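Notebook open, model loaded. I want to jot down what I look up as I go.

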Amino acid sequence: MTHQRDGARHFVKISPTPKFFARETRAYRQTAPALVPGSVPRLVETNPQWQALLLTAVPGRGVTSLPLTPARQRAVHRQAGAWLSRFHGGPRDLSPQDHAEAAAEVARAVHGAERHLESAEDLIGERERETVRRHAAELTRLDPLPRGYMHGDFQERNWLFDTGPGRLAVVDLERARPHAVVVDIVRLACRP
């Protein structure tokens with residue numbers, strides 16, 4: 001964390017790969033400006049050579065570390081859903097190249113199912129494997145799924161909540177890209 005003369009706090013984030021650097025830089029430049037100010041860090045500067053991003057700090061603490069009542073947790077999740085809806089945008093927000101990229105991402109997911117089954121080894125049985133294969137094949141018949149700009153790692157660990165004003169901010173956009181937007185919902189529904 002760094003501090004400026006005006007008291008503003010900033011973070012330097014070093015991306016682990018060029019792909020994550022490119023995705024995060026693009027998300028902060030193209031998608032984040034349309035979001036509510038303070039609900040996502042602002043990109044101040046980048047250094048492609050170091051894969052570094054200088055980001056403003058956003059207020060709040062990690063949602064997973066807060067003792068939230070069930071009612072407050074539901075309110076946080078409602079804010080998160082509203083944030084995600086704005087972040088996703090709509091099909092008109094995507095260029096033809098973005099639409100092609102989103103279609104390719106869905107195709108990769110379909111073909112990646114078998115790779116994930118192999119890595120699961122004996123953790124799941126043959127019946128469950130067939131269920132996964134059947135659902136992966138079904139994705140090809142559902143296309144085009146609603147497309148937009150997905151976060152890619154949308155879960156409580158990437159949410160900061162400022163309990164004073166009761167505001168949510170979302171961080172870590174390195175996996176953001178055009179995709180079927182349902183992916184963010186599936187990950188959120190299945191991971192916690």
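Which exposed residues does the face of helix 5 turned away from its buried side carry? I find Ala189 and Cys190 there. My cut-offs: buried is under 20% relative accessible area, exposed is over 50%, and partly exposed lies in between (1.4 Å probe, protein chains only).

**Ground rules.** This is a predicted model, in which local features need pLDDT of at least 70 and side-chain atom pairs count only at pLDDT 80 or more, while totals for chains, interfaces and linings use all residues. Residues are numbered from 1 along each chain as its sequence is written, and side-chain values use heavy atoms, with hydrogens and water left out.

I looked up the buried residues of helix 5 (residues 182-190) and got Val183, Asp184 and Leu188. They line one face of the helix, because seen down its axis they fall within an arc of 130° (the arc of the directions from the helix axis to the C-beta atoms). I then checked what these buried residues pack against: helix 2, strand 6 (147-150), strand 7 and strand 9. Contact here means heavy atoms within 4.5 Å.

**Whole chain.** I count on DSSP runs for the elements, numbered from the N terminus: helices are H or I with at least four residues, strands are E with at least two. That gives 5 helices and 9 strands, in the pattern β-β-α-β-β-β-α-α-α-β-β-β-β-α along the sequence. The C-alpha trace spans about 60 × 40 × 35 Å along its principal axes. Of the 192 residues, 40% are buried. I also noted that, among contacts between residues at least 6 apart in sequence, 72% join residues at least 24 apart. The exposed surface comes to about 11,500 Å², with carbon and sulfur atoms supplying 55% of it (Shrake-Rupley method, 1.4 Å probe).

Next I traced a sheet of 3 strands, open, antiparallel, in the order 5-7-8. Strand 5 (61-62) and strand 8 are at the edges with a single partner strand each, so one side of each has no neighbour in the sheet. Helix 2 (residues 70-88) packs on this sheet and touches strand 7 and strand 8, its direction making about 120° with that of strand 7. For that angle, axes are lines fitted to C-alpha atoms, for helices over the stretch in contact, and angles run from 0 to 180 degrees between N-to-C directions.

I call two strands paired if DSSP finds at least two bridges between them. Strand 5 and strand 7 have 2 bridges, and Gly62 has Leu160 as its bridge partner in strand 7. Strand 7 (residues 159-162) and strand 8 (residues 167-170) pair over 4 bridges; there I see Phe161 bridged to Leu168. The hairpin they make has 4 residues between the strands, and Gly166 takes a positive phi near 70° in it.

Thr25 belongs to helix 1 (residues 18-31). I call Thr25 buried because its relative accessible area is 6%. Beyond four places in sequence, Thr25 touches Leu43, Thr46 and Leu53.

Buried or exposed: what about Glu174? Glu174 counts as buried, at 12% relative accessibility, and sits in the loop between strand 8 and strand 9 (177-180). Its contacts, leaving aside neighbours within four places in sequence, are Lys13, Phe20, Arg23 and Glu24. With Lys13, I find a side-chain polar contact of 2.6 Å (a pair of N or O atoms within 3.5 Å; within protein, one must be able to donate a hydrogen and the other to accept it, and residues adjacent in sequence count only if both atoms are side-chain atoms).
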